Amino acid sequence: MHKTILITGATDGIGFETAKMLAADGHHLLVHGRNPDKLRHAQATLSALSDDARIETFLADLSHMSNVKALAVAVTQKHTHLDVLINNAGVYTAADPRTDDGLDVRFAVNTYAPYLLTRLLLPLFDASGRVVNLSSAAQAPVDLQALAGKGQLGDGAAYAQSKLALTMWSRSLGLELSQTGPAIIAVNPGSMLGSNMVRQAFGVAGGDLRIGADILVRAALSEEFASATGTYFDNDSGAFAAPHPDALDPNKCAEIIRVIKAVLADLPNTNGEIQ
C-alpha cells in the first residue's frame with residue numbers, strides 16, 4: 001500500500017536518497033527543502049522514477065520557527081492524513097550560528113524544528129503512523145542554557161547536544177503517545193556518510209548515502225519498527241541500542257521538553273501552539 005510521507009531536508013544528502021527509494025516504490029511524497037531551485041530539481045527527478053509516485057514540494061527555512069509553523073499549516077491545508085514524517089533536515093555548521101529567534105542554529109534546526117513540526121502535525125496521524133527522527137552517534141549532555149539560546153557553543157558541541165536533545169524528546173514523546181500513536185523513533189542513519197554536511201564539517205567524502213537511506217525507509221515502513229516507539233536505532237551497529245544515558249533518564253528528558261516548550265511559548269509566531 002502506498003503511503004503519504006513528508007521528508008524534511010529532502011533535496012540532497014540522505015533525505016534525497018531516501019526520497020528516491022520511496023518514489024521508486026510509488027509512494028506519495030511531500031518533499032521539503034529551503035532552496036526553490038533544488039526543490040524543482042528534486043521534484044523532476046523523483047517524478048521520473050515511477051508512474052505511481054506523486055511528488056509535492058514545500059519550501060521553508062526550518063531555522064525560523066515561523067517557517068516551521070507555516071510548513072505545518074501548508075501540509076494540513078492539503079492533507080487530512082499523514083502516514084510518515086521523516087525529520088531529516090539537519091545543520092552542523094553555519095556562517096551565522098544565531099537565528100532570528102535567538103537560538104543556536106543547530107538547536108533550532110536539529111531539535112526545535114522537528115519537535116514543533118511533529119507536534120503541529122500530530123492530528124494527521126493515527127495509531128499506525130510513524131515519526132522518524134534523524135539522530136546521530138554524536139550525542140553529548142545538553143547545556144540547558146545553550147538549548148534556551150543563552151551562551152554560545154562550538155560546532156561540534158552544539159551539534160552533539162542538539163542530537164541528544166532530539167533523541168531525548170523523541171523517547172519521551174514516543175512513550176507518551178505509545179497507546180495512540182504515532183510511533184516516534186530516533187535513528188542514527190550511520191556515521192560519516194557522504195552528505196554535504198559531512199563534507200563541510202569534516203572535509204571528507206564520506207560513505208554511501210544509501211546506507212542511511214535504506215535504514216530510514218525501513219524505519220518508516222517495515223514491520224520491525226511498528227512497535228518501536230520511544231526507541232533508538234543505531235545503524236552503525238545495525239540494531240536497536242541504548243542511546244546516551246541522559247535519554248534514559250525521564251527527569252532529564254522532561255527538563256529538555258520543558259525548556260523547548262518555554263522557548264516556543266515566548267516566540268510570537270508559536271505562542272500557544274504547543275501545550
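Okay, let's start with a word we'll need: a residue is buried when its relative accessible area is under 20%, exposed when that is over 50%, and partly exposed in between, using a 1.4 Å probe and protein chains only. Helices (H or I, at least four residues) and strands (E, at least two) are DSSP runs, numbered from the N terminus.

Now, where this comes from. It's a predicted model, where local features need pLDDT of at least 70 and side-chain atom pairs count only at pLDDT 80 or more, while totals for chains, interfaces and linings use all residues. Residues are numbered from 1 along each chain as its sequence is written, and side-chain values use heavy atoms, with hydrogens and water left out.

Let's go to strand β5, residues 130–134. Is it buried or exposed? Well, 5 of its 5 residues are buried, so the rest of the structure largely encloses it. Both faces are covered: Arg130, Val132 and Leu134 are buried on one side, and Val131 and Asn133 on the other.

So who sits beside β5? Two strands pair if DSSP finds at least two bridges between them. Strand β4, residues 84–87, pairs with β5 in the parallel sense, over 4 bridges.

In what order do the strands come? There are 8 strands in an open sheet, and the order is β3-β2-β1-β4-β5-β6-β7-β8, with mixed pairing. At the edges stand β3 (54–59) and β8 (239–240), each with a single partner strand, so one side of each has no neighbour in the sheet. And for anyone new to sheets: strands pair through backbone hydrogen bonds, either parallel or antiparallel.

Further along the sheet, β1 (residues 4–7) and β2 (residues 28–33) run parallel and are joined by 4 bridges. Threonine 4 has histidine 28 in β2 as its bridge partner.

Next, two helices on the sheet. Contact means heavy atoms within 4.5 Å; axes are lines fitted to C-alpha atoms, for helices over the stretch in contact, and angles run from 0 to 180 degrees between N-to-C directions. Helix α2, residues 36–47, lies across β2 and β3, running at about 170 degrees to β3. Helix α3, residues 65–78, lies across β1, β2 and β3, at about 150 degrees to β3.

On to aromatic rings. Rings of Phe, Tyr and Trp (its six-membered ring) pair if their centres lie within 6.5 Å; planes under 30 degrees apart count as stacked, over 60 as edge-to-face and the rest as tilted. The whole structure has 5 aromatic pairs. One of them is tyrosine 115 with tryptophan 169, edge-to-face, at 5.2 Å centre to centre and 85 degrees between the planes. This pair links distant parts of the chain, with tyrosine 115 in helix α4 and tryptophan 169 in helix α6 (residues 155–176), 54 residues apart. Tyrosine 115 is buried at 0% relative accessibility, and tryptophan 169 is buried at 0% too.

Phenylalanine 225 and phenylalanine 233 make a tilted pair, 5.3 Å centre to centre with 55 degrees between the planes. Both of these phenylalanines are buried. Ring pairs also tie Phe225, Phe233 and Phe240 into a cluster.

Back in helix α6, have a look at lysine 163. Lysine 163 is buried, at a relative accessible area of 4%. What does lysine 163 touch? Leaving out residues up to four places away in sequence, its contacts are Asn110, Leu134, Ser135, Ser136 and Ala138.

Last bit: salt bridges, meaning a side-chain nitrogen of Lys or Arg within 4 Å of a carboxyl oxygen of Asp or Glu. There are 9 in the whole structure. One joins aspartate 37 and arginine 40, at 2.3 Å, N to O. Aspartate 37 and arginine 40 are 3 residues apart in helix α2, so about one helical turn separates them. Aspartate 37 is exposed at 52%, and arginine 40 is exposed, also with 52%.
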